[in-house]
Amino acid sequence: MPDKDFWNTRWENRETGWDIGYPSPGITAFIDEYHDKEAAILIPGCGNAYEAEYLVKKGFQNITLIDIAPKAVEQISERFSGMAQVKIICGDFFEHKGLYDLMIEQTFFCAISPNMRQQYAQKSASLLRPGGTLAGLLFNTVFEKEGPPFGGGIKEYLDLFSPYFEIKMMDECCNSIPPRAGNELIIELLKK
Amino acid sequence: MKQLIALFFVFAVAACKHGTTNTLSPEQEQTLLKTGDSIAVSVQELLQQNVAKAMQAGGPVYAVAFCNEKAAFLTDSMSTLHGTFIQRLSDKNRNPANEIKDTADHTAWKKLSTKQEAFVQTDAHGKRYFYKPITINMPACLKCHGGRADIQDSTRKVILGKYPYDKAVDYQMGDLRGMWKIGVGS
């Protein structure tokens, strides 16, 4: 399992290929339809947190960002300084405690080792209120090289999340960024 | 007054030390441009010939595999042959090794994005590099670098499978795809 040092080194060396430089259109479309501005929102493995910038722009008031890499946290702390609605934590998602209405997934799930996926599903559910939402994007393809990132497919994801979530949506994303078109799923899962 | 003259002298020396292309005479610059361009052309021809062969042999899917396994090797071989540094860089890279990271490369990219014309630039260590734009100049390029209508789903899947963080799509004919960076002395 890649650890804190692994990710921090990637940030230090600017090897952040997953960073697309703007919020994913699939996620901004979801945010546009999510109207509770007071909702407690968590973005794990937030990286440069472009989605959080979008949330702020849209008037959301309670956003928590967590990333394990101190270098990433240092960068976003500067960008979000003075924004009281954004709380930034440098830490491990799997040890995080809290209760949220919405968790946004964007290239965090694919960054963790597949043998941690069961824990991810369980932990996500434990951090959400009943009826809370886990929404975001998952790769719907496999990669040739050992990850991260690690790929996957719809059947695996259904088996993984169904014990904890009602699957409101798990479909091919129709507005992926061009390189990922046709190889990404948009998910909206409701905690049981 | 003496202090002012001394200060001017210090700045003048500093300016020379950090100077870039202005430290070259026009003749020297032309020579370096010619050297850099001949290397760029030879490597580009080699790569294009090989990609064309791969396309003919097995279509875009096969060509992607060829690029993934052989392009870097061919570039490195040409680097050894010419005894100099050769690299391809892009703001929308496919291979992570081709990402623009250095400040000097960012400066060069900005310059090429404004005006697609080769030039020689000196880096902070006094090394001179030839930069030249790489453009999308053949319809075949779009089969792996074009928009959604240009790239077959099977090709896109193979590309993403080999390059999970690919950014090198959505180009049109004539677009700036990347740049050559070739060492031309110090």
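Author: Let's start with a definition: two residues are in contact when their C-beta atoms, placed from the backbone, lie within 7 Å. The model is predicted, by the way. With that cut-off, take the contacts in chain B between residues at least 6 apart in sequence: 67% of them join residues at least 24 apart.

Reader: OK, and what elements make up chain B, in what order from the N terminus?

Author: Chain B has five helices and four strands. Starting at the N terminus, they go α-α-β-α-β-β-α-α-β.

Reader: How do you know which residues make the contact between α2(B) and α5(B)?

Author: Apply the 7 Å cut-off for C-beta atoms. From α2(B) you get Pro60(B), Val61(B), Val64(B) and Asn68(B). From α5(B) come Ser154(B), Thr155(B), Val158(B), Ile159(B) and Lys162(B). Sorted by class, that's five nonpolar, three polar and one charged.

Reader: What makes a residue of α5(B) buried, and which ones are?

Author: A residue is buried if 20 or more other C-beta atoms lie within 10 Å of its own. In α5(B), Arg156(B), Val158(B), Ile159(B) and Leu160(B) are buried. Their cover includes α2 and α4 (142–145) of chain B. Across chain B, buried residues come to 27% of the 186 residues.

Reader: On to chain A. Why do β3 and β6 of chain A stand at the edges?

Author: The open sheet has seven strands, in the order β3-β2-β1-β4-β5-β7-β6 (chain A), with mixed pairing. β3 (86–90) and β6 (165–172) of chain A each have a single partner strand, so one side of each lacks a neighbour in the sheet. From one strand to the next, the twist averages 15 degrees.

Reader: How do you know that β4 and β5 of chain A pair?

Author: Pairing takes at least two bridges. Strand β4 (residues 100–106) and strand β5 (residues 128–139) of chain A run parallel and are joined by six bridges, so they pair. Leu102(A), for one, has Thr133(A) as its bridge partner in β5(A).

Reader: Last one: how many residues of each chain are in contact between A and B?

Author: 16 residues of chain B are in contact with 15 residues of chain A. The chain B side splits into five nonpolar, two polar and nine charged.

Key
Residues are numbered from 1 along each chain as its sequence is written. Chains are lettered from A and ligands numbered from 1 in the order in which they are written. This is a predicted model: local features need pLDDT of at least 70, side-chain atom pairs count only at pLDDT 80 or more; totals for chains, interfaces and linings use all residues. Ala, Val, Leu, Ile, Met, Phe, Trp, Tyr, Cys and Pro count as nonpolar, Asp, Glu, Lys and Arg as charged, and the others, Gly among them, as polar. Helices (H or I, at least four residues) and strands (E, at least two) are DSSP runs, numbered from the N terminus. A residue is buried if 20 or more other C-beta atoms lie within 10 Å of its own, exposed if 12 or fewer, and partly exposed in between; C-beta atoms are placed from the backbone. Axes are lines fitted to C-alpha atoms, for helices over the stretch in contact, and angles run from 0 to 180 degrees between N-to-C directions.
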